[in-house]
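Hi,

Have a look at it first, then read on.

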Amino acid sequence: MKIEGTEAAAQVVERAKRDRRGALVFTIGTGCCESTAPFLYEDFWPGPDHEEVGVVADVPVFAPAYLRALYPANDGVTIDVEEGLMAESMSIETEYGCRFVLREPGGAKAPGQDSEVCAVPDETSALRSRGTQELPEALRRIRMR
Amino acid sequence: MADTKLFINGEWVEAASGESFPTYAPSTGEKIADVAKAGRDDAVKAINAARTAFDDGPWRRLSGKERAEKLRKVAEIINGRSAEISEIEARDGGGTIKKAMFADVPGGAGSFSFFADCAENEPDVIDRGTNPFPVATSTVRREPIGVCSGIVPWNFPFIMASWKIAPAIAAGNSVILKPASFTSLSAVEMVKACEEAGIPPGVVNLVTGPGGSVGEELAQHPDVDKVAFTGSTEVGRRIMQLASGNVKKVTLELGGKSANIVLDDADLDLAAAGVLWGTFFHNGQVCESGTRALVSRKIYDEFVGMLVERAGKIVLGDNMEMTTDLGPLVAPAQVDTVERYVKLGLDEGAKLLCGGSKPTNLPAGLDASAFYLPTIFEADNSMKIAQEEIFGPVLCVIPFDSDDEAIKIANDSIYGLGGGVWSTNSDRANNVAAEMRTGTVWINDYHMITPGQPFGGYKQSGIGRELGDYGYNEYRQIKHVWQNTATDRSGYMHFAALSGNI
């Protein structure tokens, strides 16, 4: 696993360096709402199985063993930044109204594959009519949580 | 000026900076409100208010029965405003109105009702019997912990907020809630209900804003005694480190990559529906989603055929319509993540069985960039799409030959949050469930979480439990009171341990 950063990401890191007194660290983590993503933290202690997999604006990027095993080659994964978004990741850049994202070479987009099997059925086009806002009878008895 | 404010010490206030941030309806991309953007100073103010309310206020000194009455009032207010809150919840987060009406809002109210019962019925003082020598009685007192912070994600904003606020205040604590930035609006409604129910000032506080400053402060401030977080695993690690400064209690509910195991003797009709429900409910944006379907090779072809055929019948559309099964994901950025994994799956040689793209024939007026088709891959458990949590509508189907192999694959994950077993043989299903290293197993069902039963994770899926008496007691200290009943020197150990000279 080898991770690099885009120029835009490096600029956000530089800003964080000015705003924070502690040592900055990127960690590549996973799970729940953020999926696998980069997190920029101040004075963060990488875990015992974390190793450095790159440097962005002189800030080391760490990743745990299981992620390094999933991405053994130099996959060309880069840390980029998207404007106008706030993750709930507690990553420093959320304060700036942007968020770090991972990108694979060739961009984020999958090849356009329209599967006939899973095409959205035509009934959806009928959904423009505003339906009843009552719970269906079967659901009225249910209290899921 | 923000449309919604912060709630600190019983007052609705603007952020100290005066700043706000927009929140959008993902189905159309339209902005629906400007939310007050709290910073570090606001978080500290809220923590101070919560501290004062706990140390000097009346709340923790009320009886459990008195607190229960207030919590029941909160539930009543929420239920009375069900239609309005459901609409806010669905519009802001992109979940269906159906989900909001039958799960989110009654679920949020249900948490307050359940923890009201805990406050009233769970004993605060427990007789632990007597000690033979020195002769003494032991009593355990269950007391509130103090100032609790709760940080919640965007997938179930209303229910998650209730899981943080209700048990905390039921036990006599004060609380500061930080909703996710994508979905702050329904938490505002919950806090309004708390205010209206007469919960005293400072007991419930709300700070909306980015995690980088507010979240950090809520996790590290020395006046916070406990932090509860639901969200990503790496953030959980961050919170543990921040909380370690003054050794706060921490409960974490983190990621998952749960296995839904279909044995060869399962009722295939029910199991196929259950696997689809387990994965695609709320577009897979559920931490305990059964995103790995482990399917016995004996029934594999027939079963996977059923999955693919039925996945095509899931209706995508306007999430505000009762007839829609799946609306948008929380934001176009989440769709970008899903697309990234679909590409990774294809690159690794996973076989795409259906989906794999955005829908092309959505009704007019919807923002197609926030939608994604239910997607099914035939995959190997070692692939990225089977190991990493995608948090989108992507199911990996993985064949197995024996129950033991199914268990081995299920446990081959850094996570252990949920899981399912489908079988018509109860003993066999329970044997498999017993071997799964995961906090919840549903046999012949999925996603059923109820306030009365504990929920949480093994391994990197978390620490501690929410809900049930287990969840309630995460918000209570344990104090052992030893009372020596001797009336002369013969009843003490210390004269023997040192000497009679003392």
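This is a predicted model: local features need pLDDT of at least 70, side-chain atom pairs count only at pLDDT 80 or more; totals for chains, interfaces and linings use all residues.

Residues are numbered from 1 along each chain as its sequence is written, chains are lettered from A and ligands numbered from 1 in the order in which they are written, and side-chain values use heavy atoms, with hydrogens and water left out.

Interface first. Chain B puts 97 residues in contact with 68 residues of chain A (contact means heavy atoms within 4.5 Å). The buried area between the two chains is about 6,700 Å², with 58% of that from carbon and sulfur atoms; this is the accessible area (1.4 Å probe) that two parts lose on being put together, summed over both.

The rule finds two salt bridges across the interface (a side-chain nitrogen of Lys or Arg within 4 Å of a carboxyl oxygen of Asp or Glu). B:Arg340 and A:Glu104 meet in a salt bridge at 3.2 Å, N to O.

On the chain B side, α11(B) gives the most, with 11 residues (helices are DSSP runs of H or I, at least four residues, and strands are E runs, at least two, numbered from the N terminus).

Now β10(B), residues 226–230: five of its five residues are buried (under 20% relative accessible area, 1.4 Å probe, protein chains only). B:Lys226, B:Ala228 and B:Thr230 point one way, B:Val227 and B:Phe229 the other. β10(B) pairs in the parallel sense with β7 of chain B over four bridges (strands pair if DSSP finds at least two bridges between them), and B:Ser149 stands opposite B:Val227. Five bridges join β10(B) to β11(B), also parallel, where B:Phe229 has B:Leu252 as its bridge partner.

In chain A, β3(A) (residues 37–42) has six of its six residues buried. β3(A) pairs with β2 of chain A in the antiparallel sense over six bridges, with A:Glu42 as the bridge partner of A:Leu24.

Cheers

Technical notes:
Buried means under 20% relative accessible area, exposed over 50%, partly exposed in between (1.4 Å probe, protein chains only).
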